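Me: I would like to learn how to read a few local features of a protein model, one at a time. Could you take me through them, giving the general idea before each case?

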Amino acid sequence: MAAGRGAFLPSYLEGLRRNPTTNCGQTAPARPRTFRKPGPGEREPGPGGNGQTDGKNQPTAAPCSFSRNGRRWPETRIKEYKADFPQMVTEENLMERLPSEVLLKILSYLDASSLSCISHVSKTFHQLAYDDVIWHKIYMSDFGNPTWRPQPAAGDAAQEVDSVPVERRSASHWKKMHFRTAIGQDVNKWRREMRDVCPITGLPRSTECVLRNLNVSWELTVCCCSGLKITMEPSRVYFSESSAIVHFSAEHVLRYNQIRSIQLYGVKKDTQKSPKARRPGWRSLILDLDLRTCNDWRFGSDNLVRLRHLQPGVTIATWRGQDTIAFIMVTLHFHKLLEKSLLGSPVCPYSEPAALPAVDKSDPEFGLHGYSLHFVLHNTGTEIMSGNFHQLCCRKDQIQDGLVELRVIDLNNLSEHRSLSGNIELPWKSETLEGSVENCCVMTLTLLDEFQKPFWCVSSSIFILGAKWPLMVDYGGEHFLMHFYEPEGRVKMKLVWLEEQKQFFVVSLVLYVPVAKVNERFSRAY
């Protein structure tokens with residue numbers, strides 16, 4: 001709030017009272033004097049002259065208690081000011097001297113936003129702004145009588161307000177209910193649109209459409225070892241069937257070894273056209289990556305850049321020979337992407353407990369069969385491979401090294417081998433240059449359990465390496481391997497390059513899921 005002259009003077013006097021030695025009871029330091037030759041009729045500066053004096057006949061100045069712009073107020077002027085404005089020099093604030101009933105009546109005319117702002121003024125206003133009667137009035141004014149509201153549908157964020165007994169309600173119950181209902185109504189608008197789930201991918205069909213309609217974007221905050229923070233906005237966003245690739249171009253000269261951490265935020269942009277009317281959007285933390293503790297490796301390069309893989313979803317490109325950042329690429333899977341981008345906080349990511357299925361005690365291998373996989377290889381503009389695989393399973397005696405093996409494409413079954421529709425490459429583009437990294441692309445997989453619920457979802461850049469020996473005798477071309485590891489699971493893929501057809505063939509694809517993840521999901525003890 002703006003502070004006028006009436007608020008400035010009491011504050012200044014309070015400072016003088018607490019620190020009386022500052023500009024109080026002391027004369028200001030003498031200004032440097034300039035001497036000039038006396039003119040006709042003027043006396044020479046010196047004792048008895050109009051210039052310097054010896055101090056004996058110098059008049060004593062009145063004690064000063066106030067100084068502003070080099071002018072000192074005498075004590076008599078201060079007494080006159082106190083007599084004219086006694087309410088301005090009291091020890092406590094005038095508003096806080098009013099009875100609490102009067103203050104509550106004044107605060108009752110504010111809306112929810114203003115009431116939340118005024119709670120940060122002082123301790124007194126902080127306590128008064130939590131009054132449950134005021135917030136109940138605001139809640140009824142904004143949302144009406146809760147007894148006439150229809151029963152919320154399953155999955156709605158807004159809950160019934162009468163679910164909490166009156167005797168168990170906290171002092172700020174209606175304030176919490178107001179903001180919970182306001183957020184819930186906004187969330188329910190797009191959650192209704194997300195109920196149409198694709199049976200193949202197990203993901204909502206309208207994820208991309210809702211992201212665009214809500215004006216959701218992402219921001220990257222790069223923290224340097226020196227303490228400098230650089231915020232980067234996406235230069236390009238590429239959407240595919242079940243993931244999004246967000247490309248951040250480096251506008252500052254920043255070396256890779258100077259980066260300490262990277263934070264990715266989901267941001268809901270303000271739609272106001274006027275820059276003055278725009279408000280800062282809400283930031284929801286999605287990823288917090290500490291480069292001092294995470295492992296990275298180089299997995300691809302071309303004539304201009306080298307690619308570094310930090311963790312699933314984060315790829316950093318550096319210029320060859322300089323080690324400066326060219327761009328940062330982040331791949332985001334569509335599973336719960338809206339919730340992660342909107343419902344988290346600036347310091348805490350969004351988390352939702354998984355709904356555990358009912359345990360089927362009659363099935364001795366419950367949780368080991370009935371899996372479905374949607375597997376896609378793609379880059380920023382081309383889909384290289386897309387496949388759907390059903391009825392994936394693993395027997396109890398096949399569990400080895402704490403991993404459940406799900407064989408998707410069998411190496412020995414030629415009928416399951418699949419060809420790729422294009423070359424494995426990852427095109428990139430900066431502000432001035434562009435290129436393409438060979439033998440590198442993006443893998444997006446969605447593993448569904450037997451209830452068609454997402455069990456393991458990941459989208460990450462991958463790189464294929466040449467095999468040291470032939471993988472099988474049926475193919476005489478060049479053989480390649482792709483290994484992907486993360487705590488949630490592993491992927492092993494084998495490919496063959498056929499020179500005559502000028503295309504890749506996938507001859508083996510196997511998924512490995514930790515048995516601890518299966519036990520936690522299905523309440524088993526394999």
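Me: Does serine 119 count as buried or exposed?

Reply: Buried means under 20% relative accessible area, exposed means over 50%, and partly exposed is in between, with a 1.4 Å probe and protein chains only. Serine 119 has a relative accessibility of 5% and therefore counts as buried. This is a predicted model, in which local features need pLDDT of at least 70 and side-chain atom pairs count only at pLDDT 80 or more, while totals for chains, interfaces and linings use all residues. Residues are numbered from 1 along each chain as its sequence is written, and side-chain values use heavy atoms, with hydrogens and water left out.

Me: Where does serine 119 lie, and which residues does serine 119 touch?

Reply: Helices (H or I, at least four residues) and strands (E, at least two) are DSSP runs numbered from the N terminus, and serine 119 lies in the loop between α4 (112–118) and α5 (123–128). Contact means heavy atoms within 4.5 Å; leaving aside residues up to four places away in sequence, serine 119 touches Phe125, His126 and Ala129.

Me: How many aromatic pairs does the structure hold?

Reply: Rings of Phe, Tyr and Trp (its six-membered ring) pair if their centres lie within 6.5 Å, and planes under 30 degrees apart count as stacked, over 60 as edge-to-face and the rest as tilted. The structure holds eleven aromatic pairs. In one of them, the ring centres of phenylalanine 366 and phenylalanine 451 are 6.3 Å apart and the planes stand at 70 degrees, so the pair is edge-to-face. This pair links distant parts of the chain, 85 residues apart, with phenylalanine 366 in the loop between α9 (337–342) and β13 (371–378) and phenylalanine 451 in the loop between β19 (440–448) and β20 (454–463). Phenylalanine 366 is buried, at 2% relative accessible area, whereas phenylalanine 451, at 39%, counts as partly exposed. Ring pairs join Phe366, Tyr371, Phe451, Phe455 and Phe522 into a cluster.

Me: What is the order of the strands in the open sheet of six?

Reply: Two strands pair if DSSP finds at least two bridges between them. The open sheet of six strands runs β5-β6-β12-β11-β10-β9, with antiparallel pairing, and its edge strands, β5 (236–239) and β9 (297–301), each pair on one side only. Within the sheet, β6 (residues 243–249) and β12 (residues 325–333) pair in the antiparallel sense over seven bridges, and histidine 247 stands opposite methionine 329 in β12.
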